[in-house]
Amino acid sequence: MAEAVFFDLDGTLADTAPDLIGTLHRLQAEHGLPETPFEQLRPMVSNGVRGLLGIGFGLTPDMADYPPLAKRFLDLYANTLCIETQLFAGMAELLDALDTHGIAWGVVTNKAERFARPIIETLGLAQRSRCIVGGDTAARAKPHPDPLLHACQVSGTNPLDCLYVGDDIRDITAGRAAGMKTVAAAYGYLGNGVSIQAWEADVIIQHPLEILPLLSTT
């Protein structure tokens with residue numbers, strides 16, 4: 001059996017899009033701009049502030065207006081981290097099954113730990129999760145393997161006996177580099193512009209419960 005299953009947060013474990021997009025809409029209102037449609041923004045949620053400001057304001061991180069706007073975005077988001085955010089359908093049942101089988105699980109995200117931890121706590125999962133690794137926890141964030149290797153160290157697991165589940169190509173790249181079996185979550189945001197088939201994940205799933213049959217084949 002697998003020793004552990006690690007999940008990306010945004011677009012994999014939880015649907016965080018409503019709160020992130022709501023933050024962008026508040027920022028657009030502050031600047032007198034119309035709201036960018038939700039469905040246009042949703043695919044970019046896994047790319048965080050960079051992706052949302054790119055669509056909503058046409059800015060890239062190298063532009064002078066980007067840093068102050070990104071800071072304002074994060075200040076607004078900090079107050080509404082988990083208002084409408086919820087687990088994806090089937091995820092609660094999957095986590096229950098992992099607990100029942102004694103399989104460790106945790107969260108490895110590029111979201112800063114100061115945002116990730118309160119979300120996991122509000123969702124009622126902090127005491128059950130073996131680890132919460134943010135984008136600023138390890139020396140390098142995904143697509144580097146450092147956060148996943150850190151998760152294994154904290155949880156006392158062997159990367160070769162672990163699964164990593166994510167909805168972005170950088171998740172699969174990081175998981176593969178760490179030596180884990182990789183699972184691409186097709187139900188997620190998929191906003192990187194690269195076909196999910198080209199990510200070279202070991203498995204593509206359409207629903208979280210499809211992970212259960214994989215636990216004995218790692």
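Predicted model: local features only at pLDDT ≥ 70, side-chain atom pairs only at ≥ 80, totals over all residues.

Student: Let's begin with strand 1. Which way do its residues point, and are they buried or exposed?

Tutor: Look at the side chains on each face of a strand. In strand 1 (residues 4-7), Ala4 and Phe6 point one way, while Val5 and Phe7 point the other way. All of them are buried.

Student: And which strands does strand 1 pair with, and in what sense?

Tutor: For pairing, go by the bridges. Strand 1 pairs with strand 4 (residues 104-108) in the parallel sense, over four bridges. Strand 1 also runs parallel to strand 6 (residues 162-166), and four bridges join the two.

Student: Now a loop. Where is threonine 36, and is it buried or exposed?

Tutor: Threonine 36 is in the loop between helix 1 (17-30) and helix 2 (38-41). For burial, the cut-off is under 20% relative accessible area. Threonine 36 has 10%, so it counts as buried.

Student: What is threonine 36 in contact with?

Tutor: Set aside the neighbours within four places in sequence, and threonine 36 is in contact with His25, Gln28, Leu41, Ile55 and Gly56.

Student: Are cysteine 131 and cysteine 162 buried or exposed?

Tutor: Cysteine 131 is buried, with a relative accessible area of 6%. Cysteine 162 also counts as buried, at 0% relative accessibility.

Student: Last one, the largest pocket. What is its volume, and which residues lie nearest its centre?

Tutor: Start with the volume, then check the lining. The largest pocket has a volume of about 410 Å³. Its lining has 22 residues, and Asn47, Gly48, Val49, Asn110 and Lys111 lie nearest the centre. The elements giving two or more residues to that lining are helix 3 (48-57), helix 4 (66-77) and helix 8 (169-178).

Student: What does the lining of the largest pocket have by class?

Tutor: There are eight nonpolar, five polar and nine charged residues in the lining.

Technical notes:
Residues numbered from 1 in each chain as written. Heavy atoms only, no water. 1 Å grid on protein atoms, 1.4 Å probe; cavity = no way out; pocket = protein on both sides within 12 Å on 5 of 7 lines; lining within 4 Å. Points joined across faces, edges and corners; volume = space filled by probe spheres on them. Nonpolar A, V, L, I, M, F, W, Y, C, P; charged D, E, K, R; others polar. Buried < 20%, exposed > 50% of the residue type's maximum accessible area, 1.4 Å probe, protein only. Contact = heavy atoms within 4.5 Å. Pairing = 2+ DSSP bridges.
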